[in-house]
Amino acid sequence: MPTYLSPGVYVEETDSGSRPIEGVGTAVAAFVGLAEKGPVNTPTRLSSWTQYSTIFGAFVPNTFLPHAVYAYFLNGGGSCYVVRITGGEEPKGTNAAAMIAAEPDKPGYKIEALSPGGDANGLSVDVTDASEPSDDTFKLVVRRDGEVLEEHDGVTTKAGRQNVVTRVNAASQLLRITAAAGQIERPANTTVTLAGGQADVPARIEPTDYVGDVADRTGFGGLEAIDEVTMVAVPDLMAAHLSGAVDLEGVKAVQLAMIAHCELMGDRVAILDTPAGLNAQAVHDWRMQTAGYDSKYAALYWPWVKVFDPATATNVLVPPSGAVAGIWGRNDDTRGVHKAPANEVVRGALSLELDITSREQELLNPDGINCIRSFAGRGIRVWGARTLSSDPAWRYVNLRRLFVYLEESILKGTQWVVFEPNDDALWAKLRRTISAFLINEWRKGALFGLTPDEAFFVRCDRDTNPAESIDAGMVICEIGVAPVKPAEFVIFRLSQFSGGASLTE
């Protein structure tokens, strides 16, 4: 309380006793895999496919990371993080290039793309007269599909600031120029096209490259520093398996490490893919015998989906984890994290690796294998929403993600409590603050019950905070919620009755 020494009217600001809790984000994916270019082992936040293609390049044959990120945004995903791995060292690749000279046999200049990869293939460079010709000056015009991207006017072969090598290498965002040895004359007016650029995606990727190290911030171990991630997928693990670089034991090791990472963080769920080329019985055997996962922080989806691949101009099969992550985000935006992310269309899917029958799904669903199915007239849809947990309390994906959302929201919204006086007034503030948040969630349909009393309880009083707890500096608040669960099995019971008979008989 302030001390007043002179008569007058004073205004004081007082705490209302209630502080709102804001819900945290629920759908931020993280992808680990192989890319054409870009930073290595550095989690990079992206908000669109355009950003990905600018930073990490285009589609690359025999890799699934670009397809996963593209499917994520196509299916409604918001922001995501991408971690590029390279098998321990940066690939050198090849840069698209072309030569210009006065005559074919004379020394000239090598025009080369700034970075390896196929992005620069097709760029054309016009050698023309300078706008204000003098001595041996000339102009370079860089185009793609006729569109002018850069112009370097008034350059020369002579030493000095206008030297073509000095000017272009200092100003260009696309090219660098290297002069051949010997006396170089002004290049002849011509148009050359850059070609030969190719990314060197390493053929040998070890499981440790995916797992990485927390201390070195590599692999998905480096994602521990990113608190907002809620989903983790490693689609290129299956690319490594298809190439023979990682065997089934390696696949299991990486996926177990993904699950351990999610369980350790406690605020994210691993989206797992199955190996390719398996039928329903083989997937069941792999899940139960080879993998044998049991975790409420992981979900498994099968089969693979067929999509168009711009890199090869053909249709290819890709793991479904990227599309599933996008569907989780779309579901959160349209319905809420409490709604099971199933019975949702897979955008961009042309067909499936295998069309599943109801009988086959009866084999897989009880073991937590979420099927993707094709329905006549209804498209290709995710038709499962289970975790890999054997605990019935954590059977459904939406329950696990709802509790992550509630826990993170309450955790971040009550940081003001630390070091406050531990008394009845503080406990009352906590009850009001958390109850107000949970009432809003109940009104959204996230909690079961006709009234708030049926949906949740919040206890923080002398019973939960005895003297021993207060002396230890602890505030204990017990919260119970009744989450809604999905209607997985919809049953209609039909029977015959005689017309005119009473329905109550």
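How many aromatic pairs does the count come to in this structure? In this predicted model, the count comes to 14 aromatic pairs. A pair of aromatic rings is described by the distance of the centres and the angle of the planes. One of these pairs is made by Phe59 and Tyr70, whose ring centres lie 5.8 Å apart and whose planes meet at 65 degrees, and because an angle over 60 degrees counts as edge-to-face, the pair is given that name. The two residues are eleven positions apart and belong to distant parts of the chain, since Phe59 lies in the loop between helix H1 (49–56) and helix H2 (65–74), while Tyr70 belongs to helix H2 itself.

The charged end of Arg378 sits over the ring of Phe375, 5.2 Å from the ring centre, and that of Arg400 sits over the ring of Trp394, 4.5 Å from the centre.

We can now turn to the strands. Strands of a sheet pair through backbone hydrogen bonds, either parallel or antiparallel. Strand E18 (residues 369–375) is joined to E19 by four bridges, and the two run antiparallel; here Arg373 stands opposite Arg381 in E19. These two strands form a hairpin with three residues between them, and in the turn Gly377 has a positive phi of about 80 degrees. Strand E19 (residues 379–382) is also joined to strand E16 (residues 344–345), by two bridges and again in antiparallel fashion, with Arg381 as the bridge partner of Val345.

Elsewhere, four strands make an open sheet in the order E8-E7-E6-E10, with antiparallel pairing. Strand E8 (147–155) and strand E10 (190–193) stand at the edges and have a single partner strand each, so one side of each is left without a neighbour in the sheet. From one strand to the next, the twist averages 20 degrees. Within this sheet, six bridges join strand E6 (residues 124–129) to strand E7 (residues 138–144), and Thr128 stands opposite Lys139 in E7. Helix H3 (residues 164–171) packs on the sheet, where it touches E7 and E8, and its direction makes about 145 degrees with that of E8.

Notes. Residues numbered from 1 in each chain as written. Predicted model: local features only at pLDDT ≥ 70, side-chain atom pairs only at ≥ 80, totals over all residues. Heavy atoms only, no water. Phe/Tyr/Trp six-rings, centres within 6.5 Å; stacked < 30°, edge-to-face > 60°. Lys NZ or Arg CZ within 6 Å of the ring centre and 35° of its normal. Pairing = 2+ DSSP bridges. Axes fitted to C-alpha atoms, helices over the stretch in contact; angles between N-to-C directions. Contact = heavy atoms within 4.5 Å.
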